[in-house]
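Hello,

The structure we talked about is pasted below. My notes on it follow.

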Amino acid sequence: MRVYVVHYSEIALKGKNRSYFERKLVGNLRRKLGDGGIKIRREYGRIVIDSGDERIENVLRKTPGVKYSALAEMVEPDIGLIAEKAIEFAPDSGTFRVETKRSYKEFPMNSMEVNRLIGERILRVKKNLKVDLKNPENTVYIEISKDHAYIYSGRIEGVGGLPAGVSGKVVALISGGIDSPVSAFMAMKRGAEVVAVHFFNSTIHSPSVRKKIHDLVGKLSEYHRIKLYMVPFVQIQREIIAKIPADYRMVVYRRSMMRMASMIAERENAKAIFTGDNLGQVASQTLDNMRTIYEAAQYPVLTPLIGLDKDEIIEVARKIGTYEISILPYEDCCSLLVSRHPATKTTPEDVMRFESFCNLQEEDAVENAEVYEYGF
C-alpha cells in the first residue's frame, strides 16, 4: 500500500508537550486535505497519511511543521517483504546506499544489519549498481515500526519549523512589497496564526493594489489559513499631509499604523505585531525611527527580517511564491507621504507633539475595515 510518511524536526524536542504539537500538525493536515476520507495517524516519530494520492505532495510541501515527507510503500515488518520492496525502489545503475531507522527496537535485526542484508539482496538483482556510503547518487530509505515497515527512495522537502497555531495569533502588516509577505510567512513557520492587515488609499490605482494584496494573502494561505483586514487610510492620510511637516509624515503614518494594528490585535486576541522592517533599508527603518514608531504599539513588535540582506529576503520570497506578485507595480498609501529628505533621527516626544495637532480618526478606520478569510 502506498502511503505518505511525514517527518518533523523541532517537535521531537518538545518533551512532554510533544503530543500537543503532533496533534496540532495532524489537525492542520486534516483541514488542508479536506473531508475526503483520508486517514491520518500518528506513530512514534512520524505521521502517516494512508493515501498515495500525489496531490497530497503539494500540501506537505507547504505545511509548517513538516520537515520532509515521502511517498512510501507500506508492508508488514518482515525482512523478506522489506527486501522485495527495497529492490523495486533501488535504481538500475549508479551508486546507492540503504539507510534504516528502527523505532521498534525489538525487531530482530539492528539498523546496520538491515542495511547490510538489504544492500546485498539489491546487488544480487541490480548488477550495475555500486555501493557508496558517503556520497551516493541514490538512497533507499527503510523505516521499521512495530506494525509496519516503510520503504521509499526520495524525500519531499517541507517548510520545517512548527505547526501553525501552536504559538498563538499575531497581526502581520502587509504592504504589497517583497518584505512583508516574507515576514508573515516566517511568523507562520514559527507556529503563529496570522491576521494580515493592509492600509489602503482610494486612488485610480486602487483596483490593482487591492488585487495585488488579495493575491499575496491568497498565496500565503497555501501555507496556513489567514484572515485579512483591509483598512481605509484616505482620511488619515489627508490629515497627516495637512498637519504634519513633510519630513515627519512617514514616521507619523507608521505610528498610526501601529496603533490601528494594536486595535486589531486586541479584537483578534493576537499577542504581537509582525512587520517586514529591515534595519537601515529605508529612512523609516533607522534605529531611532523604529524606536519612535514601535513606541506607539500596544503589543510587542517582532521583525524577523531585521538582520537579513535584500538577496536573502528575495530568496525566501521566491521559494514561497510571493516574489513574482510582490514585484508587480503598485502605488501604496505611503507613496504620497515620502519626503525627499525624511527625518532619520526622530524621538517619540517630538513626533507626539506633531500628532497633537491631528485628528486621525483611527478607531473609525478600523471599524470600517473590510475583512476576508482565506483557507478557512
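A polar contact here is a pair of N or O atoms within 3.5 Å; within protein, one must be able to donate a hydrogen and the other to accept it, and residues adjacent in sequence count only if both atoms are side-chain atoms. This is a predicted model, in which local features need pLDDT of at least 70 and side-chain atom pairs count only at pLDDT 80 or more, while totals for chains, interfaces and linings use all residues. Residues are numbered from 1 along each chain as its sequence is written, and side-chain values use heavy atoms, with hydrogens and water left out.

His224: the side chains of His224 and Arg31 are joined by a polar contact of 3.1 Å. His224 sits in the loop between α6 (206–220) and β12 (226–232); helices (H or I, at least four residues) and strands (E, at least two) are DSSP runs, numbered from the N terminus. His224 is buried because its relative accessibility is 2%. Buried means under 20% relative accessible area, exposed over 50%, and partly exposed in between (1.4 Å probe, protein chains only). Leaving aside residues up to four places away in sequence, His224 touches Asn28, Arg31, Ala164, Met188 and Glu193, where contact means heavy atoms within 4.5 Å.

Tyr104: this residue is in the loop between β5 (93–102) and α4 (111–125). With 25% relative accessibility, Tyr104 counts as partly exposed. Tyr104 and Ile144 are 40 residues apart along the chain, yet their C-alpha atoms are separated by 6.4 Å. Tyr104 touches Ile144, Ser145 and Lys146, again not counting residues up to four places away in sequence.

Helix α12: in this helix (residues 348–355), Pro348, Val351, Phe354 and Glu355 are buried. Seen down the axis of α12, the buried residues fall within an arc of 125°, so they line one face of the helix; the arc is that of the directions from the helix axis to the C-beta atoms. These buried residues of α12 pack against α8 (249–268) and α9 (287–294).

Positive phi: Asn269 is not a glycine but has a positive phi of about 60°. Asn269 is in the loop between α8 and β13 (273–274) and is exposed, with a relative accessible area of 53%. Gln361, also a residue other than glycine, has a positive phi near 50°. Gln361 lies in the loop between α12 and α13 (362–367), and at 40% relative accessibility Gln361 counts as partly exposed.

Regards
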